[in-house]
Amino acid sequence: MAVKKSKTGKGKPGKGTGKKPSPPVKEEAKDAAVLLNPAERVAAVRPMWEQRPHSERVELLTVDLDTLRQQAKAQADKQRATAAAEGGDLAEYAALDVPLEEVLAEGLRRLNNQDTWKVWQFDGQEFYDADAFRAHVTQHHIRPELLHLLPKDDPKGLERPAEAALRQRMTDLLQQVQLNSRQAQEEQQGAGGNSGSGGGGSGQTGRGRRAPKNNPEQASSLLRDANVEMISTMLEALEKEHEHLYQSLLRPITSFVCEMLPEDMRETSPAELHYEDLEKLPPDDVTRVAEWLTEKVDALSSRLKAEQREDEEEEEGDAMGDVDLFALTPDGAALTVNGKWLTHLEERLLGEDGHPRKARGDEDPHRMGLVLEWVFGSIVSTAEKSRDGAKRCLGLVPPTTQAAYDNLLRCLEDQAAWEGRAKEAKDLMNAMLTSRKEADQLAKQHGIRQQPPAGAAAAAAGDSEAGAATAAEEGSGVIPDSVIMKMLAREALLTSAKLYALSFDHQMAQKSLASVKLQIRHGEPELERLKRELEELKHAPRGLEGTFRSAAEMERHRHQLADAAIEEQLEVQTAFREQGAKLQSLYDKKQRTEFEIAKRDTEIKQLNGWKATVENLSERFDDLAKQQQLLLDIEAGQAALAGSSSSSRLAAAGATPQGPAAEAAAAAADAAAAAIAAEEGTAGPLAAGSVVPRSSVLTPQHHVQLNKLRQHFHKDVRKQLYSDVDDRAFFDRIKTALKAIEGRLEEGRVALQHLELMLTNVACDDPGAAIGSQLVLPLLQERLDAAALAFKAERAKMAEEEIIAMEAAAAEAKAAEEQRRKQALLKKKGRTKSDKERAAAGKAAQEAAEVERRQREAAARALAEEEERKRRQEALIALRQQEEELMAQRRQQLMAEDGYWAQRMAEEQQRAALAMAIGAARWCSY
């Protein structure tokens, strides 16, 4: 587990964002909590936190269970009272929610029984450890052939390039969305701010959307259009990612649209989203979808594995893991921060990039770490944030563990299919290399020349005469049947290679076509909207309301309106033309892609037919060769048996006839075979000057079939065989396809990590998230604010006392020095003085005594005045505190529902409503 800096505006509604009940604290602490942001509150508490030892820090971070129960009960009562006051659907939804006090009770029960309040639920079973949950899913729900595809749980593993690339793309997308959102907010504020200004015209937003300046009522429509634009931007970017990752985000949106719109009012289906249906939703629902999708993109932009840092030493067991952030004290009477989590926070600081990093050396001597940042919400636990985002409900049906498991299983099956394609590509490449070597050896051994590309092109173009001439020219040598079979096998292999490349290109083209159709489906409603808007502008009335001092002023106003209308029409017309040109290019691309797909389909069908022809021819050659080999084996066996038998046994069995009759029979058989060959026209290289040996004893029909096959190969097939150039071209295409498939597999591994994490998060029931954000952390924040304020007051008092002590010590030192100087002077004069001098000295001594007395009286008066000043200051402080308390009470009375300011605001609203009614009546009278 790690910590991540929180982002403003992305908290889940209802969790940690509302006012939480708290025990009575000082009024100054409450004011500080209201007026300061989290960073300022951390800065205010930091001096106090530095001076506290570890034991006192732990004590400050410990909350009594009775206090938590009281807080939970008070908050639940307040929530029920609010729901009852509102009534309607809100009360029904509040009745369905689990009260916070029940959540606290269940969490404490789990902590007492299992030392954790997280539980993973699946198949009606409960698991109190994420590893046990994953092991159950792996053993009982994942087929064995898919197990090796599951992500390896390696906490110390480094981030893979595909993971970093996806994270960077999602980070860039999130920045783009945030920039567009800020621009839309500025345009909306500008539209509302210019509502009372004179003059016509409108601003231009993304995709030609106009920002109305004179109509504040269209602000909500403008916000909805901006959110629709944001959703379409994110979905267009996500559509280019892994399809299962994209579908896991698209299906909840389509389900939500289907829930909110009746079937006759929408074209969206559970598998397909039509963007024009988003414009039919209320602005709040569109905003909800945009926030949900933004949170998902933010989750995809999070780092799944630790970053490798050169300046950070690796330590054994440094991985945090998914631990509970809070734990019970040994006596079980209070809840405190988990020691492991507290140590993890104390050892880390925020880096320059805003992400936590481990502190180095003496960089943090007080071990402040990120404890205060976590307490005040500047950073959050990545694991808790991920779980909260995964379980966030978009529609009426919350995310289910079964749906997350189905997403993971579909992705695993798809990954296995792509691995099969990669294995097939590698096998084809290895077979092609082996076949290429064998073909080179056969060409050298039998003197077979490779068919040049020109001959192949002529044969492919249908030039039968050129192809036949080339084949006749190359067929000057005798090619054995075994070599023909190897050539046919090589041709089948190369055809399979080309089919593989074509199939891959076909699949990529279909994916590109789907992407183009999605863009067209998104762009067509936008074009229709711009067309309607342009027509409305052309027929919009030119208002000349108001009074003018002269005809010239009215004419000048008329020209201003005309110029503004022309400018507005030009803006919308420009956007309309740009959108039309974009759609036309998409239509052209769609048409080209469909034509290429159809052409490729035809080519694939032809190649499948050609492959079947080659394989059929090879099988027929192989059958005849097997028959011939079988007869040869039988004849060889008979010959061996005859050679080893005795002459008497041969005579008794009837040996082969010898003499003129046998030779005549053999000659007749050879003549019959030659006649059959001559009748079939065996003028090819195999039949020219050669007759089938008599030892093969094939039937005449088999000889005829064999010669036909040879003729068909040399006349029709050989001229169409692929050359070495084609072989290398197919090899390169498969190599390119394999590279793309390996990239696709890397993307699939990253998608599997996110889907498995989603399954783990959805299956986890963690009451600690709600308890921590809604109960414990608000109490800790108020406690630390009060402690920081008390520490600040104590430091101020100590500083004041120190200043007073220093001033008193300085006065005493000055008086002592003056007394010493005077005594030394008197002692020096006493040695040489006369009677007169003695008298003068006595007088001087009296004067000195008088001066000393006066000084003592002055010092006593100063001390009394100082005490009086302190007493007055204390009285003033007490009076000021009383005044502040009275002011606070008065402020509460004024801000109450029946207070002065509430009545004053109600009167102001009535006056404003009356003024608007009078203005409307006057306007109607005109």
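**Reading a cavity and its helices**

Modeller: Sorted by class, the largest cavity has a lining of six nonpolar, two polar and two charged residues, where Ala, Val, Leu, Ile, Met, Phe, Trp, Tyr, Cys and Pro count as nonpolar, Asp, Glu, Lys and Arg as charged, and the others, Gly among them, as polar. This is a predicted model, in which local features need pLDDT of at least 70 and side-chain atom pairs count only at pLDDT 80 or more, while totals for chains, interfaces and linings use all residues. Residues are numbered from 1 along each chain as its sequence is written, and side-chain values use heavy atoms, with hydrogens and water left out.

Biologist: How many cavities of 30 Å³ or more does a search of the whole structure find?

Modeller: Rolling a probe the size of a water molecule over the atoms shows where empty space is left. The search finds five such cavities, each a set of points on a 1 Å grid over the protein atoms alone where a 1.4 Å probe fits but cannot get out, with lining residues having an atom within 4 Å of a point. The largest holds about 70 Å³, a volume being the space filled by probe spheres set on points joined across faces, edges and corners.

Biologist: Which residues line the largest cavity, and which helix gives the most to the lining?

Modeller: Phe133, Arg134, Val137, Thr138, Ile142, Leu150, Leu408, Glu756, Leu759 and Thr760 form the lining. Helix H7 (130-141) gives the most, with four residues, and helix H24 (724-763), like H7, supplies at least two; helices here are DSSP runs of H or I with at least four residues, numbered from the N terminus.

Biologist: At what angle do H19 and H24 cross?

Modeller: Their axes, lines fitted to C-alpha atoms over the stretch in contact, with angles from 0 to 180 degrees between N-to-C directions, come within 9 Å and cross at roughly 40 degrees. By class, the contact of H19 with H24 divides into 11 nonpolar, no polar and six charged residues.

Biologist: How do H16 and helix H19 (residues 481-538) pack?

Modeller: Their axes lie 10 Å apart at an angle of about 150 degrees, and H16 and H19 are therefore roughly antiparallel. The contact of H16 with H19 has 15 nonpolar, four polar and five charged residues.

Technical notes: On a 1 Å grid over the protein atoms alone, a cavity is a set of points where a 1.4 Å probe fits but cannot get out, and a pocket is an open set with protein on both sides within 12 Å along at least five of seven lines; lining residues have an atom within 4 Å of a point. Angles under 35 degrees count as roughly parallel, over 145 as roughly antiparallel, 65 to 115 as roughly perpendicular and the rest as oblique.
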